[in-house]
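Subject: Structure handover

Hello,

My notes on it follow below.

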Amino acid sequence: MFMKKLKTKRSTAKKSRDAKSHSRAQRAVTKHAASSAQLQYVPWHTIALEELNPLLQRQFVVGQEIMLARVLLKKGCIVPEHSHHNEQLTYILDGALKFCIDGREIVVHAGEVLCIPAHMPHMAEALEDTVDLDVFNPPRADWINKTDQYLRGQK
């Protein structure tokens, strides 16, 4: 009985932290979206590549309720397990990513798409040099605010 109460308290505390984090993220995204609700024409070469670690770079464009990211992964790059409240579409332009998701390994090759539901833990490994486009709804506030520590400084 004690363990059940402890688990319930931990679960409640985690939900509270997640709700606060989600609330902060929503405010950041709302603020960003409200200030940029306009037509955008953006050639990728005009956006600086953000180097997150030696094997991972990205660029992104943020709309009012959607975000498109171009992610460049060198062979062997690991994106650690994480989850987020954003729905994600991953489209591989070149290369291949192996995802560990929902208890399965799924290899996504060039020309293929993976749809990841919100809150589903996932990780990825670049099986070769890879270029991928990720679409998020709503936009990733942690990427916009650069608080995505799980991606920075790792291989």
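**Salt-bridge network**

Glu-50, Arg-58, Lys-146, Asp-148 and Arg-152 are joined in a network of salt bridges. A salt bridge here is a side-chain nitrogen of Lys or Arg within 4 Å of a carboxyl oxygen of Asp or Glu.

Before the details, some ground rules. This is a predicted model, in which local features need pLDDT of at least 70 and side-chain atom pairs count only at pLDDT 80 or more, while totals for chains, interfaces and linings use all residues. Residues are numbered from 1 along each chain as its sequence is written, and side-chain values use heavy atoms, with hydrogens and water left out.

Searching the whole structure gives seven salt bridges.

- Lys-146 and Glu-50 meet through their side chains at 3.3 Å, N to O. Lys-146 lies in the segment after helix H2 (141-144) and Glu-50 in strand E1, so the pair ties together parts 96 residues apart in sequence. Helices (H or I, at least four residues) and strands (E, at least two) are DSSP runs, numbered from the N terminus. Lys-146 is partly exposed at 44% relative accessibility. Glu-50 is buried at 14%. The cut-offs: buried is under 20% relative accessible area, exposed is over 50%, and partly exposed is in between (1.4 Å probe, protein chains only).
- Arg-58 and Asp-148 form a salt bridge at 2.6 Å, N to O. Arg-58 sits in strand E2 (residues 56-62) and Asp-148 in the segment after H2, 90 residues apart. Arg-58 and Asp-148 are both buried.
- Glu-125 and Lys-98 form a salt bridge at 3.7 Å, N to O. Glu-125 is in strand E9 (residues 122-126) and Lys-98 in strand E6 (residues 96-101), 27 residues apart. Glu-125 is partly exposed, at 24% relative accessibility.

**Sheet**

Six strands make an open sheet in the order E1-E2-E3-E10-E5-E8, with antiparallel pairing. The edge strands are E1 (50-53) and E8 (113-116), each pairing on one side only. Twist averages 25° from one strand to the next. Axes are lines fitted to C-alpha atoms, for helices over the stretch in contact, and angles run from 0 to 180 degrees between N-to-C directions. Strands count as paired if DSSP finds at least two bridges between them. E5 (residues 87-94) and E10 (residues 130-137) have seven bridges in the antiparallel sense. Gln-88 has Phe-136 in E10 as its bridge partner.

**Nonpolar core**

The largest nonpolar core has 23 residues, and Leu-56, Leu-73, Phe-99, Trp-143 and Leu-151 touch the most other members. Such a core is a set of buried Ala, Val, Leu, Ile, Met, Phe, Trp, Tyr and Cys residues joined through side-chain atoms within 4.5 Å. E2, E3 (67-73), E6, E8 and E9 each supply at least two residues. E3 gives the most, with four.

What does Leu-151 contact, leaving aside neighbours within four places in sequence? The list is Leu-52, Asn-53, Leu-56, Arg-58, Val-79 and Trp-143. Contact means heavy atoms within 4.5 Å.

**His-82**

His-82 lies in strand E4 (residues 78-82). His-82 is buried, with a relative accessible area of 12%. Its side chain reaches the backbone oxygen of Pro-80 at 2.8 Å. Not counting residues up to four places away in sequence, His-82 touches Met-120, Pro-121, His-122 and Tyr-150.

Best wishes

How values were computed: A polar contact is a pair of N or O atoms within 3.5 Å; within protein, one must be able to donate a hydrogen and the other to accept it, and residues adjacent in sequence count only if both atoms are side-chain atoms.
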